[in-house]
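Please read them with the structure open.

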Amino acid sequence: MTTAAQTQELFRRAEAVCFDVDSTVIREEGIDELAKFCGVGDAVTEMTRKAMGGSVSFQTALSERLSIIKCSREQVNKLITDHPPQLTPGVRELTEKLHQRNVKVFLISGGFRCIVEHVASQLNIPLHHVYANRLKFYFNGEYAGFDESQPTAQSGGKGRVISLLKEQYGFKNIVMIGDGATDLEACPPASAFIGFGGNVVRQQVKEKSSWYVTSFGELLKELEKI
């Protein structure tokens, strides 16, 4: 287990930083917002809690939740227009600072690409740096499932994406930041993991993080030490 000081050092020297999206970069869980919007909020929120706590496999939880929501393409678009994802305070400044330092920034999410791309464009993160799940729709716009071949649709998928990034770009030092069990699992292959509790504190993640922060200001402050 790395110490907090080692994790801070790795963060300051990172070549790439990967952020989880739901409850990290944005304040809410995208799938819960979609469920509320489609009138099935309570049933889905409970399943999200189980998935984030690690008590059921991620793919099972995703599949079961989506089969309850059955959102159409029109509903997804309307959600983004009427209730755009709320950025967590400080994340815009942090990504700006990382970009200024030529650190590559990626979004790795078990959420949906259509929502995550909206977040990426607000943070000037290129869309090819977004890894998330793709919803599938029939020609008439009705829900047709999700792309199960995406690494982010499976347990351990975030770690697979990080391995892929190391291979593709040759990164030696890559840091993962997130609030949930699936983020913690991504280290290794990530060089370091920073637990984020600014929106929701998940006890098991907090206990297993060598460095746990509750605001992005703490990360910004760390970068200013250089």
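1. I start with D22, which sits in helix α2. This is a predicted model, and every remark below should be read that way. D22 is buried, because its relative accessible area is 10% and the cut-off for buried is under 20%. Leaving aside residues up to four places away in sequence, D22 is in contact with E28, E29, G30, S109, G111 and D179.

2. The UniProt entry, which is unreviewed, carries an "active site" annotation that covers D20 and D22. The annotation may be inferred rather than shown by experiment.

3. D20 lies in the loop between β1 (16–19) and α2 (21–25). Its relative accessibility is 4%, so D20 also counts as buried. The side chain of D20 makes a polar contact of 2.9 Å with the side chain of T24. Beyond four places in sequence, D20 touches V25, I108, K158, M176, I177, G178, D179 and D183.

4. After α3 comes G39, with a positive phi near 80°.

5. N133 is in strand β3 (residues 130–133). N133 counts as buried because its relative accessibility is 0%. A polar atom of the N133 side chain lies 3.0 Å from the backbone nitrogen of A153.

6. Some backbone geometry deserves a check. Most residues other than glycine have a negative phi, and most peptide bonds are trans. K70 is not a glycine, yet has a positive phi of about 45°. K70 is found in the loop between α5 (58–69) and α6 (73–82), and is exposed, with a relative accessible area of 57%. N124, likewise a residue other than glycine, has a positive phi near 55°. N124 is in the loop between α8 (113–122) and β3, and is exposed at 62% relative accessible area.

7. Which residues are joined by a cis peptide bond with omega of about -10°? They are C187 and P188. Another cis peptide bond, with omega about 10°, joins P188 and P189. P188 lies in the loop between α10 (181–184) and β7 (192–196), and P189 is found in the loop between α10 and β7 as well.

Terms used: Residues numbered from 1 in each chain as written. Predicted model: local features only at pLDDT ≥ 70, side-chain atom pairs only at ≥ 80, totals over all residues. Heavy atoms only, no water. Helix = DSSP H or I, 4+ residues; strand = E, 2+ residues; numbered from the N terminus. Buried < 20%, exposed > 50% of the residue type's maximum accessible area, 1.4 Å probe, protein only. Polar contact = N/O pair within 3.5 Å; in protein donor to acceptor, adjacent residues only side chain to side chain. Contact = heavy atoms within 4.5 Å.
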